[in-house]
Amino acid sequence: MTEAAAADIVVRRNRPNTKAARPLFSSGPCAKPPGWTPEQLSSRALGRSHRGALGKALLAEAIDRTHALLQLPADYRLGIVPASDTGAMEMALWSLLGTRPVAMLAWESFGAGWVTDVAKQLKLQAQIRTANYGEIADLSGIDQASDIVFTWNGTTSGVRVPNADWIANDRTGLTICDATSAAFAQDVDWAKIDVGTFSWQKALGGEAAHGMIVLSPRAVERLEREPAPRPLPKIFRLTKGGKLIDGVFRGETINTPSMLCVEDWLLALDWAERVGGLSALIARADANAAALDRWVQDADWIEHLAKDPTIRSNTSVCLQFSDRSDAEANKIRQKAIAKLLDQEDAAYDIGAYRDAPPGLRIWCGATIDTADIEALGPWLDWAWEMTA
């Protein structure tokens with residue numbers, strides 16, 4: 001027997017025996033809450049108008065309970081809008097920017113996308129600060145009279161802002177924050193956020209295509225006092241006759257929502273409230289990220305993309321191969337590892353984002369069970385050896 005064949009037998013013999021009960025590690029759509037089944041979904045609103053009494057009541061319930069779960073300031077508005085987090089952010093950018101200077105902060109692909117929107121589509125002159133994957137832009141000395149656009153947590157880079165201390169309480173510009181991978185899993189300082197956006201498909205495992213937008217009183221004042229200096233399509237319009245369309249924040253959606261998705265979101269809220277609310281959700285994500293980090297510290301072939309733990313995500317944890325001497329070979333191996341683990345039903349959707357350095361991306365949000373993260377580690381080691 002050749003040495004290579006003998007080594008292969010050893011590797012196969014070391015194939016882990018225990019798998020994650022739910023090997024669902026996608027960074028979006030993310031895993032459903034533990035115990036979720038489709039049979040739990042109510043059909044009471046199906047085939048009925050979302051503008052009828054029942055539909056509006058369910059939409060208002062989704063808004064009110066989400067507002068409470070996130071512990072938003074009492075005078076903040078929350079509404080359901082089209083097209084997931086992307087739609088919510090586009091609504092904010094197109095509706096609010098253009099009347100004063102803009103500072104754009106980007107450290108991953110979605111943040112870079114907002115830079116493109118502002119600089120190339122809206123054609124605004126903006127101060128742009130960027131950082132490489134795994135790093136964060138300089139947050140010091142930003143003009144607080146400017147509108148500031150940033151992502152709280154970079155889904156594709158595994159980097160988050162350490163806090164909101166760099167945002168002034170007495171700012172005169174607005175802060176517009178893409179919080180889709182942070183909401184429900186990180187301690188977002190909403191008092192420092194004037195416009196926040198997120199989607200149902202992330203930290204609570206809801207369904208895609210529905211976004212939510214958070215507006216502070218200052219954002220509402222801007223919308224009413226300084227109309228957007230451009231035509232707006234219907235799905236972006238938050239004002240009429242110089243006044244906020246208040247119904248959007250009471251369940252009167254701009255377009256037709258999926259009432260089945262609304263029922264699914266209400267189930268997610270049921271679970272989140274049952275496990276202990278926001279603090280418990282954050283604790284679950286922290287525990288999952290800590291479990292993955294323990295494995296990373298023991299593995300010699302992989303490391304965190306975000307080397308600084310103070311800016312490292314606890315949801316979309318991004319990893320890169322330790323040996324980065326051959327990027328093309330690493331891309332091939334990344335795909336091979338992801339494919340092998342998918343075939344083994346040991347882990348789904350764990351390849352790094354296409355524009356990020358080759359490696360792995362593992363969702364550690366609150367709907368993941370820590371035991372499944374702990375079961376994943378040996379499979380990652382096994383797949384690494386099997387794809388050598």
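**Starting from a loop residue**

Tutor: Let's start with Leu-139, which sits in the loop between β3 and β4. Keep in mind that this is a predicted model. What does Leu-139 touch, once its neighbours within four places in sequence are left aside? The contacts are Leu-105, Trp-107, Arg-129, Val-161, Pro-162 and Trp-166. For a sense of scale, take Gly-242: Leu-139 is 103 residues away from it in sequence and, C-alpha to C-alpha, 34 Å away in space.

Now zoom out to the strands on either side of that loop. Both β3 and β4 belong to an open sheet of seven strands, in the order β1-β9-β8-β7-β4-β2-β3, and the pairing is mixed. At the edges, pairing on one side only, are β1 (77-82) and β3 (126-130). From one strand to the next the twist averages 15°. Packed on this sheet is helix α4 (residues 109-121), which touches β2 (102-106), β3, β4 (147-151) and β7 (175-178), and its direction makes about 150° with that of β2.

How many of its residues are buried? Five of five, so β8 is mostly covered. Val-195, Thr-197 and Ser-199 point one way, while Gly-196 and Phe-198 point the other way, and all of them are buried.

With β7 it runs parallel, joined by three bridges, and Cys-177 has Gly-196 as its bridge partner. With β9 (residues 210-215), β8 (residues 195-199) pairs in the antiparallel sense, over five bridges. There, Gly-196 stands opposite Val-214, and Thr-197 stands opposite Ile-213.

Twelve aromatic pairs are counted in the model. One of them is Trp-94 with Phe-236, a tilted pair at 6.4 Å centre to centre with 45° between the planes. Trp-94 is in helix α3 (residues 84-96) and Phe-236 in the loop between α5 (217-225) and β10 (239-240), so this pair links distant parts of the chain, 142 residues apart. Trp-94 is partly exposed at 22% relative accessible area, whereas Phe-236 counts as buried at 12%. Another tilted pair is Phe-150 with Trp-152, whose ring centres are 6.3 Å apart and whose planes meet at 40°. Both partners are buried: Phe-150 has a relative accessible area of 1%, and Trp-152 has 4%.

Next come two helices, α6 (residues 259-275) and α7 (residues 278-298). They pack at an angle of about 90° with their axes 7 Å apart, which means α6 is roughly perpendicular to α7. From α6, Trp-271, Ala-272 and Val-275 make the contact, and from α7 it is Ala-280, Leu-281 and Arg-284. By type, those residues divide into five nonpolar, no polar and one charged.

Three strands form it, open and antiparallel, in the order β12-β13-β14. Its edge strands are β12 (302-304) and β14 (359-363), and the twist averages 30° from one strand to the next. α7 packs on this sheet, touching β12, β13 and β14, with its direction at about 135° to that of β12. β13 (residues 316-321) and β14 run antiparallel and are joined by five bridges. Within that pairing, Ser-316 has Trp-363 as its bridge partner. Helix α9 (residues 370-386) lies across β13 and β14 as well, running at about 165° to β14.

Definitions and conventions: Residues are numbered from 1 along each chain as its sequence is written. This is a predicted model: local features need pLDDT of at least 70, side-chain atom pairs count only at pLDDT 80 or more; totals for chains, interfaces and linings use all residues. Side-chain values use heavy atoms; hydrogens and water are left out. Two strands pair if DSSP finds at least two bridges between them. Helices (H or I, at least four residues) and strands (E, at least two) are DSSP runs, numbered from the N terminus. Axes are lines fitted to C-alpha atoms, for helices over the stretch in contact, and angles run from 0 to 180 degrees between N-to-C directions. Contact means heavy atoms within 4.5 Å. Angles under 35 degrees count as roughly parallel, over 145 as roughly antiparallel, 65 to 115 as roughly perpendicular and the rest as oblique. Ala, Val, Leu, Ile, Met, Phe, Trp, Tyr, Cys and Pro count as nonpolar, Asp, Glu, Lys and Arg as charged, and the others, Gly among them, as polar. Rings of Phe, Tyr and Trp (its six-membered ring) pair if their centres lie within 6.5 Å; planes under 30 degrees apart count as stacked, over 60 as edge-to-face and the rest as tilted. Buried means under 20% relative accessible area, exposed over 50%, partly exposed in between (1.4 Å probe, protein chains only).
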